[in-house]
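These are my notebook entries on a chain that I looked up. I began with the overall fold and then turned to how its parts pack.

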Amino acid sequence: MRPGRAGAPDDLTARARIRDAALHRFGEIGFKAATVRGIAERAGVSAALVVHHFGSKEGLREAVEDHVMDRIAGDALAALNGTLSLDDSSMRKTAQDYAPAMAYVARALTEDAEVGRSLYDRMFHETLAYFAAGEEAGVIRPCADPEGRAAAMLNADLGQTLLLHHTQRVLEITDPAEATLRVAGPVLDAYTDGLFTDARFRDAIKTPHTEEKSS
């Protein structure tokens, strides 16, 4: 069990404040540059309380990553079972709420090789599980190569995250949440209706792996 898993309600509130402060700092300046003291100041607590709850800066990073992954998995499941609101105002608020998490993901994937590998692996397996649940629910088409599809879709989503600053620049949008929403429509159009008008490109690059699974 990591330090600080249990405690009184006030302790849990302080723990959440520290975790959220760390999420913002790691996303803004990176894990290496962030300090326990700086995170404590942002959370309005002492550095000793950070250590009490998380043991170390690495323990805090693990808690942040767990929180981000739990949020992603929970919202993905809510989207599948229809409990996630998809109206414009809700989507806008979701994009705004996700901005610190996406900044953290972008930093984590590029700043440290080992951390990046661990995070990517977790997101890959979560994506596999999401598509499997979607197939079972009848909202996602079956696929002959689920692992290849999971990697491709994950890479596409992460590309949007890693290149968001360029998206903002070329679309002349200062708000990251607004830029995310601007590209969400075209992405969902492609996912829902497809991009090409016929199958010639897909048929030209079919691999033995997918052909074997579909036979």
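**Entry 1: the chain as a whole.** I noted first what is counted as an element: helices are DSSP runs of H or I with at least four residues, and strands are runs of E with at least two, numbered from the N terminus. The model is predicted. On that basis I found eleven helices and zero strands in the chain. Reading along the sequence, I wrote down the pattern α-α-α-α-α-α-α-α-α-α-α.

**Entry 2: surface and contacts.** I looked up the accessible surface, which comes to about 13000 Å², with 57% of it belonging to carbon and sulfur atoms. Of the 215 residues, 28% count as buried. I then took the contacts with a separation of 6 or more, and residues 24 or more positions apart account for 62% of them.

**Entry 3: how to describe a helix pair.** Before going further I recorded that two packed helices are described by the angle between their axes and the distance between the axes.

**Entry 4: helix 4 and helix 6.** I located helix 4 at residues 57-81 and helix 6 at residues 113-137; their axes come within 11 Å and cross at roughly 15°. Angles under 35 degrees count as roughly parallel, so helix 4 is roughly parallel to helix 6. The crossing is right-handed. Helix 4 contributes residues including Arg 61, Glu 65, Met 69, Ile 72 and Leu 80 to the contact, and helix 6 contributes residues including Leu 119, Arg 122, Glu 126 and Tyr 130. By class, I listed ten nonpolar, two polar and five charged residues in this contact.

**Entry 5: Leu 80.** Is Leu 80 buried or exposed? Its relative accessibility is 17%, and the limit for buried is under 20%, so Leu 80 counts as buried. Leaving out residues up to four places away in sequence, I found that Leu 80 touches Tyr 130, Ala 133, Gly 134 and Val 139. I also noted Ile 140, which is 60 residues from Leu 80 in sequence and 9.3 Å from it in space, C-alpha to C-alpha.

**Entry 6: helix 7 and helix 9.** Met 153, Ala 156, Asp 157 and Gln 160 of helix 7 meet Val 183, Val 187 and Tyr 191 of helix 9. I classed the residues of this contact as five nonpolar, one polar and one charged.

Methods: Residues are numbered from 1 along each chain as its sequence is written. This is a predicted model: local features need pLDDT of at least 70, side-chain atom pairs count only at pLDDT 80 or more; totals for chains, interfaces and linings use all residues. Side-chain values use heavy atoms; hydrogens and water are left out. Buried means under 20% relative accessible area, exposed over 50%, partly exposed in between (1.4 Å probe, protein chains only). Contact means heavy atoms within 4.5 Å. Accessible areas come from the Shrake-Rupley method with a 1.4 Å probe; for residues, only the protein chains shown count as cover. Ala, Val, Leu, Ile, Met, Phe, Trp, Tyr, Cys and Pro count as nonpolar, Asp, Glu, Lys and Arg as charged, and the others, Gly among them, as polar. Axes are lines fitted to C-alpha atoms, for helices over the stretch in contact, and angles run from 0 to 180 degrees between N-to-C directions. Angles under 35 degrees count as roughly parallel, over 145 as roughly antiparallel, 65 to 115 as roughly perpendicular and the rest as oblique. A crossing is left-handed if the near helix is turned anticlockwise from the far one by less than a right angle, and right-handed if clockwise.
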